[in-house]
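Please consult the sequence and the structure shown below.

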Amino acid sequence: MSEKNEFDAYRTTYKDTVNQAISFSGLDVDFFTKVKAVRLVDLLHERLGDPKSLSILDVGCGVGTYHPLLRGEVGKITGIDLSDECLEEGRENNPDVDYRHYDGNRMPFSDDSFDASFAICVMHHVPPKQWPNFSREMVRVTRPAGLVIIFEHNPFNPLTRRAVNTCPFDADAVLLTKSQTKSHFKEAGLKEVEGKYILTVPAMKGFPRSIDNILGVLPFGAQYFVCGRP
């Protein structure tokens, strides 16, 4: 089954499938989704100013899981994905979002089209030989002095590996280390590239988030982010 068709099949069961894979954690996929949505908005605010003035691109958006959480927090949202079935689900649930089909090679936009582009737990589904092009395309469609952000699973975390190994649509996933992601970003032309591990403790905001930030230099978090400027 191709990656596209595989995610077509999980159009309506994605959340249940992930919840089964992470049930041992005592948390559900909605929690992890909210954590990354909050992190994303905070990064946009810290690096670019008021997120409500920004146009952002969600690469590998699937059914648009993050878009209800970003609505009202950012300006214009655009999403692209290989799966037409998932895009159709996204359009039904989020009629205010611009969804476009993506062929996995060239993103369907001109250079410098967005203030920021991001991909959340997508790159490990991209064949490794395509990682350089994937990175370059995210950089190409993002304006100079904008922001490119990747969230990914941390392969050094044994619980993350357990979740990935038991999730059916992650069967062919190849996890990237934070160092690998930073290298691809730099080779794609990004500057000020930095990253941090997250979810060493299950934290969204407040004091637990501060502890998670302090621990972010250590490779223990369930996931990580890397960002940089074109």
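## Basis of the description

Axes are lines fitted to C-alpha atoms, for helices over the stretch in contact, and angles run from 0 to 180 degrees between N-to-C directions. The structure is a predicted model.

## Helix 6 and helix 8

Helix 6 (residues 131–140) and helix 8 (residues 178–187) have axes that come within 9 Å and cross at roughly 60°. Helix 6 is therefore oblique to helix 8. The crossing of helix 6 and helix 8 is right-handed.

On the side of helix 6, W131, P132 and S135 take part, and they meet Q180, H184 and F185 in helix 8. Classified by type, the contact of helix 6 with helix 8 comprises three nonpolar, three polar and no charged residues.

## Helix 3 and helix 9

The axes of helix 3 (residues 29–48) and helix 9 (residues 206–214) come within 14 Å, with a crossing at roughly 75°. At this angle, helix 3 is roughly perpendicular to helix 9. Helix 3 contributes V38, R39 and D42 to the contact, and helix 9 contributes R209, D212 and N213. The residues of the contact of helix 3 with helix 9 comprise one nonpolar, one polar and four charged.

D115 lies in strand 4 (residues 114–120). Because its relative accessibility is 15%, D115 counts as buried.

The D115 side chain reaches the backbone nitrogen of S55 at 2.8 Å. Not counting residues up to four places away in sequence, D115 touches L48, S53, L54, S55, T142, R143, G146 and L147.

Methods: Residues numbered from 1 in each chain as written. Predicted model: local features only at pLDDT ≥ 70, side-chain atom pairs only at ≥ 80, totals over all residues. Heavy atoms only, no water. Helix = DSSP H or I, 4+ residues; strand = E, 2+ residues; numbered from the N terminus. Buried < 20%, exposed > 50% of the residue type's maximum accessible area, 1.4 Å probe, protein only. Polar contact = N/O pair within 3.5 Å; in protein donor to acceptor, adjacent residues only side chain to side chain. Contact = heavy atoms within 4.5 Å. Parallel < 35°, antiparallel > 145°, perpendicular 65-115°, else oblique. Left-handed = near helix turned anticlockwise from the far one by under 90°. Nonpolar A, V, L, I, M, F, W, Y, C, P; charged D, E, K, R; others polar.
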